[in-house]
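Please view the sequence and the structure first.

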Amino acid sequence: MEINRDSIILKNDITCFSDTINNECKTEIDSNSVSKILGIYVKAVNSEGEILENSIKYKSAIIYSICYIDNEKNIRKSECLGEICGEIKGTTSKGYLHIDIKPEKVEADISSLKLILKGIFKVTATITDFRKSEFVSPTENLIVKKEDCEYYKSYGKRKTVFPIEEEFELGYSISNVLMHKITPVITSVQCGVGCIIVDGEVHIFALLLQNSEKRDIIKEEKVVPFRAEIDYEEAMPSMIATAEVFEKNFKTDVSVDEEGNSCTVNANISLLLEGEAFSVVNSVICDDAFSLTNDIETKFIVENKVTPKEQKNLRVDLISSPLSVDGVEETEFILCAYENVDITETKRDKGNLLVYGVLSYTAFFRNNEGEIITRRIEYPFETKLDVNLSNKDNYRISADVICVTPNGFNNGEIIVKYSINFVVFCEEIDKVKLLMDVSLGEEKKSEKSSISVYISMPDEDLWSLSKRLNTPPEEICETNKELQFPLSGKERIVVYRQKK
């Protein structure tokens, strides 16, 4: 029997691969000149990759920024540029590739003449591609059961680079930018005509060394709203869209007005935005069959039908419990920097999502002599997110620290306020049965009578009746127009067979 086939794309095929890679960067700082390290910030920028025959190659620029106190009690800052490249072998997937590189650990090595910064990075390569699910379609003498199927069709991922330039006036003069970073967050995503519209905010943070006798360290925070468009030819306002944003590049330039005791900070930011649009499509699938002439054996496959939901962008503001810190009792708690958040566990709770994680940051203190003291703090937290999850939903969650600020300090116990932005991507999963294959068996015995009358079975539908009587559904309906399904079990069904 010749088998015809059709196909449907019920979901994207998403495959993730990971790698861990070490990197180090040799600075121009003499190790003997370092009295105390206040903090190290590291980030990967311009990450990119290439899919080869059986592997994925990746590379990224790595920027290390170190803030330290030298032997003469001066606060200094230095940057070091490195590069990582590697290959993840044994991969066979093809499609749209995204490379995400995040630092897991960073430390300074002062055992050599020049200070060396070392980092351990986790590389995640995500490949997204369309995956077709094939099924058997009607042929001669093969009657198939057709079902309407509504699903969301993806038109693939697209990306764009969005530049932002901002200028800030500060009412004081600074001698150095000790550390700067950005945290871009998305606040809403929608489809326009031929584009995906992404609204969001860029949170800019900078540790600045004031140009004064005290040489105070000041933390500045600015928020820059943005609206970007991702070109997407198929997009229409009625469609669903999702998007993610990543830092591509960030530079600051400072000009100081010595006479006016002020300065101007110019921020140049490049964001990488990735978006995907989905439209509702109605199609017909086949999930059962019988042959008029032969017995058949059927094979089925159950696939997941994925319905994307609107992504949730949630900012949560929290206050920590008092935390005891050793050796800072007679100091002033001035600021927090070098923040990070790790999600350790998530649980469903009646439609909500319980999130457990660890907030880490460096707390800065100043003693009576003006000396800066730092402590690295790790604080476990939990919070509840209202995301309206059902039992059929899959989800993926990410988190970024927006800010951490002092909120109390007494007898060596600190309290901080902190804000975390969570992004939750949800998709509803339904099961879809597809007729995958049919093999021909023995020939059926032909009915000798041209007219037959059958008694129905309780709760029988048209398909089960047609299959039992070996008669196409449309012929049963044509000769038994009064039937109403499901049947009661008392109906008499007439079948006419044309002699060949």
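Which residues do ring pairs link into a cluster? The cluster consists of Phe333, Phe365 and Phe409. This is a predicted model, in which local features need pLDDT of at least 70, side-chain atom pairs count only at pLDDT 80 or more, and totals for chains, interfaces and linings use all residues. Residues are numbered from 1 along each chain as its sequence is written, and side-chain values use heavy atoms, with hydrogens and water left out.

The structure holds eight aromatic pairs (rings of Phe, Tyr and Trp, the last by its six-membered ring, pair if their centres lie within 6.5 Å; planes under 30 degrees apart count as stacked, over 60 as edge-to-face and the rest as tilted). Among them is the stacked pair of Tyr338 and Phe364, 6.5 Å centre to centre with 15° between the planes. Because Tyr338 lies in strand β16 (residues 331-349) and Phe364 in strand β17 (residues 352-367), this pair ties together parts that are 26 residues apart in sequence; strands (E, at least two residues) are DSSP runs, numbered from the N terminus. Tyr338 is buried at 5% relative accessibility, and Phe364 is buried at 0%, where buried means under 20% relative accessible area (1.4 Å probe, protein chains only).

Two charged ends sit over rings, that is, NZ of Lys or CZ of Arg is within 6 Å of the ring centre and within 35 degrees of the ring normal:

| Charged residue | Ring | Distance from ring centre |
|---|---|---|
| Arg158 | Tyr232 | 4.2 Å |
| Lys181 | Phe205 | 5.7 Å |

Key:
Helices (H or I, at least four residues) and strands (E, at least two) are DSSP runs, numbered from the N terminus. Buried means under 20% relative accessible area, exposed over 50%, partly exposed in between (1.4 Å probe, protein chains only).
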